[in-house]
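Thanks for sending this one over. Here are my notes, point by point, to read alongside the model.

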Amino acid sequence: MLTQKGRQLLNEFKAFAVKGSVVDMAAGVIIGTAFSKIVSSLVDDIVMPCISLLIGSVNIKSLSVTLKEAAGDESAIVLHYGSFLQAVLDFLLIAWCIFIALKLLFKLKHALSLEEALKPAAKVDPNVQLLTEIRDLLKEQNAAALQQTEHKAEA
């Protein structure tokens with residue numbers, strides 16, 4: 001059914017698709033999409049009404065300037081800068097929330113690594129420690145003897 005090249009391509013795709021980084025990236029995209037909806041709701045439902053109240057009960061998305069009035073069959077040319085301001089505010093709030101979330105994650109990671117570092121070292125069996133010291137001494141003696149042999153051979 002499948003040629004050798006087809007099977008090889010399918011196997012490469014399977015290896016690629018189940019790699020941890022691809023799965024992690026997919027999970028990140030899904031979580032990011034949900035996070036974006038939360039922040040958009042924060043902006044639309046909480047922040048923007050407060051800003052609208054401060055600037056005179058105006059819906060920021062509806063702010064616009066008419067550059068050219070409608071004439072005959074031609075429609076008006078309108079610059080909708082309110083939508084742009086809304087998008088910029090959305091971006092800034094999303095970026096700020098991600099910054100804070102990453103900062104908290106890095107603090108948590110740092111705290112966990114400190115806990116690992118502060119854990120008392122596992123006690124080494126005295127017999128194992130003695131054998132390790134003997135091994136190290138034997139290595140040093142062998143290295144010294146090898147150097148002496150090489151030095152005599154050169155002379």
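**Notes on the predicted model**

1. Let me start at the surface, where Val-65, Leu-67, Ile-77, Leu-79, Tyr-81, Phe-84, Leu-85, Val-88, Phe-91 and Leu-92 make up a nonpolar patch with about 940 Å² of accessible area together. Strand 1 (65-68), strand 2 (77-79) and helix 3 (81-118) are the elements that give two or more residues to the patch. Helix 3 contributes the most, with six residues. Patches take residues with over 30% relative accessible area and no salt bridge, joining nonpolar side chains (Val, Leu, Ile, Met, Phe, Trp, Tyr) within 5 Å and like charges within 9 Å. Areas follow the Shrake-Rupley method with a 1.4 Å probe, and for residues only the protein chains shown count as cover.

2. A word on provenance: this is a predicted model, in which local features need pLDDT of at least 70 and side-chain atom pairs count only at pLDDT 80 or more, while totals for chains, interfaces and linings use all residues. Residues are numbered from 1 along each chain as its sequence is written, and side-chain values use heavy atoms, with hydrogens and water left out.

3. Now the overall layout. The protein has four helices and two strands, which follow the pattern α-α-β-β-α-α along the sequence. Its radius of gyration is 34 Å, well over the 15 Å that the globule rule gives for 155 residues, so the protein is more spread out than a compact globule. (That radius is taken over C-alpha atoms, and the rule is 2.2 Å times the number of residues to the power 0.38.) Along the principal axes, the C-alpha atoms fill a box of roughly 105 × 55 × 40 Å. Helices (H or I, at least four residues) and strands (E, at least two) are DSSP runs numbered from the N terminus.

4. How much of the protein is buried? Buried residues account for 6% of the 155 residues. The cut-offs are under 20% relative accessible area for buried and over 50% for exposed, with partly exposed in between (1.4 Å probe, protein chains only). Leu-92, a patch member placed in helix 3, is partly exposed at 48%.

5. On the annotation side, the unreviewed UniProt entry marks residues 21-39 and 84-106 as "transmembrane region". UniProt positions are given in the numbering used here, feature names are shortened, and annotations may be inferred rather than shown by experiment. In the model, residues 21-39 are 100% helix and 0% strand, with end C-alpha atoms 26 Å apart. Residues 84-106 are likewise 100% helix and 0% strand, and their end C-alpha atoms lie 33 Å apart.

6. Ile-38 sits in helix 2 (residues 20-54) and is exposed, with a relative accessible area of 56%.

7. The structure holds one aromatic pair. The ring centres of Trp-96 and Phe-99 are 5.6 Å apart and the planes meet at 35°, so this pair is tilted. For reference, rings of Phe, Tyr and Trp (its six-membered ring) pair if their centres lie within 6.5 Å; planes under 30 degrees apart are stacked, over 60 edge-to-face, and the rest tilted. The two residues are three apart in helix 3, so about one helical turn separates them. Trp-96 is exposed at 52% relative accessible area, whereas Phe-99 is partly exposed at 45%.

8. Finally, charges. The count comes to two salt bridges (a side-chain nitrogen of Lys or Arg within 4 Å of a carboxyl oxygen of Asp or Glu). Lys-68 pairs with Glu-74, their closest N and O atoms being 3.1 Å apart. Lys-68 is partly exposed at 41%, and Glu-74 is partly exposed at 48%. Asp-136 forms a salt bridge with Arg-135, where the closest N and O atoms are 3.1 Å apart. Asp-136 is partly exposed at 31%, as is Arg-135 at 43%.
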